[in-house]
Amino acid sequence: MLYPITNKFRTIIDLSGFWKFSIDSDKIGEKEKWFEGLCHSKEYQKSNIEIAVPGSWNEQLEEIGLLHYVGSAWYEKDFYLPVELNGKKILIRIGSADYNSKVWINNKLAGENNLGFLPFELDITDIIEPGKENRVVMLVNNELNDGSIPQGIKPEYYSKENRLREETYPATRFDFFPFGGIHRPVIISIIPENHFEQIKIETFVKPSNEGLAIVKVWTNSLADGEVSLIISGGSNQLKKQIEIQNNFGEAEVVILQCKFWSNKDPFLYNFNFQLIKDGNIIDEYSLPAGIREVKVEGNKLLLNGKEIFLKGFGKHEDFNVIGKGLFLPLIVKDFGLMKWCNANSFRTSHYPYSEELMSYADRNGFLIIDEAPAVSLDFRHVNEQTLVNHKEFIQRLIDRDCNHPSVIMWAAGNEPNLVGEEIYFNGAGKEYWREVINFTKSLDPTRPVTVPNCQRAGIEDPVFEFCDIISINRYYGWYEHPGQLDKAIEALSQEMDEIYSRYKKPILITEFGADTMPGYHSTSDQMFTEEFQAKLIEMYIKLIDSKDYTIGEQVWNFADFKTPQNFRRVVLNLKGVFSRDRAPKLAAFRLKDLWSAKKGIGEV
Ligand code: GCB
């Protein structure tokens, strides 16, 4: 799916701002026709509540009891569309609404979406009225189930499975807060009747500084025609004609004396596409693209043929008040902090991040592991729908993010078998991951695929067979051997060597860390103190760096983040090296030193 832009042929109208809002805890809204306007909601009539979009409802509306709300809520916005838009194709595009949503325009159902964290677009040409006031109403619901991605958990499972102490409120299968709401902008996108639907650019590095771009273009109903492609930005301007047949065209472009994209020099060419029919330009789309190639060779991860070592973090989209809502200043701040401590990479744990952030990473030279939200799949509860949703998720994720040079790897999920289900090892895990990872590779053969593994799944994890890179999340010194760092490092070292000798694939440590309360100090190895976190991280890094088969280290987590309630968490998961409001803990300074000493490696 193309990111919406404005040019001679395309326009966007952003509906961000205050929307009318009403919760619907009894799920009566559809029956009472709230989609015809929130004036039909008694709740809304009583309270006249408004909410900011984008943003989660939980902290914004905590004072009316929504901090832990899981269920349905309705949004309404009235807006005017200029009369000049008559005769154009008009779409509504929701950047993301978590997790399920339905959209009505002027009382008519426009469509629905059940995959959170991803954009969706609905054609509303026939129900929108330019030259008039229009109304959009959205029903958003943040409930998950066995078949959804991520999977949900029913509160009764905890007792049935004898895991009462693992219960969280709200109940989740994951360790981040299940924020609800419209999290990314809602826009009206106006495009020409005949238009570009999708563009994919795959890039490769050839000898003697040649870059190769394989460009694929999909149009909608245009039977045939031509695309004129102009690539600019390097020393020369390159032109290429692409023929369109059956709504599809493809071309190979060789770029001589190519300036390659890398984390050190994130150079972007501008790819400009014009769609031509009967000699007239009927659509135009411009895309910044970096020419670069990612490969796994033996133990090494290569960017443009040179060894690269990942230094960075697992992150979250999470901030005070706005929750998971898009907040551009936070993107600028977080990248500034990551650069400050000499990081070069991060993982979008545990779901796709905003499109705005991904483009910012392209321009700022960060290396991203892009993750699908199949977090802690429980194979006792995986059903046919889980697999269908998982594959659709990966397809839509690749469709959204395939043109970002910053995306160097797909994570098809995270920590399957977190709760230790026998069935996972009895063939179910192997069959499932074969299907999902082969599917991922069939859609994008140019990037390695991984799935971070957890301690419980351990060295026998069936997912390893299908991964190009072995990613492990380990908490020795924290959940195992708490407070005992020498023991922790010994156990980690032994396990890493065993995994390597068994699978002979490069190893990436995608998570390690310790919860840390800012301001707590000790001269001993004392959990929760700033000194303990800094020391644990330093010892892990020294060990990881001493092994020839490792390709990187990503600390868990960049910043403290909100979690569901459980006795293990003090409101937040405190493993951030920055606090939730981005103040550095001691470990941040330690990382800055450790990672600056490693300058040279990891800078292609
Ligand atoms: C993990 C999970 C992550 C948790 C982390 C922790 O292994 O992948 O989502 O937040 O551990 O802190 O327990």
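Lys585 sits in the loop between β33 (572-573) and α10 (586-597) of this predicted model, with helices (H or I, at least four residues) and strands (E, at least two) taken as DSSP runs numbered from the N terminus. At 1% relative accessibility, Lys585 is buried, a word used for under 20% relative accessible area with a 1.4 Å probe and protein chains only. The side chain of Lys585 makes a polar contact of 2.8 Å with that of Asp560, and one of its polar atoms lies 2.9 Å from the backbone oxygen of Thr516. A polar contact is a pair of N or O atoms within 3.5 Å; within protein, one must be able to donate a hydrogen and the other to accept it, and residues adjacent in sequence count only if both atoms are side-chain atoms.

Residues are numbered from 1 along each chain as its sequence is written. Because the model is predicted, local features need pLDDT of at least 70 and side-chain atom pairs count only at pLDDT 80 or more, while totals for chains, interfaces and linings use all residues; side-chain values use heavy atoms, leaving out hydrogens and water.

A polar atom of the Glu293 side chain lies 2.7 Å from the backbone nitrogen of Val205. Leaving aside residues up to four places away in sequence, Glu293 touches Thr203, Phe204, Val205, Leu302, Leu303 and Asn304, where touching means heavy atoms within 4.5 Å.

How values were computed: Buried means under 20% relative accessible area, exposed over 50%, partly exposed in between (1.4 Å probe, protein chains only).
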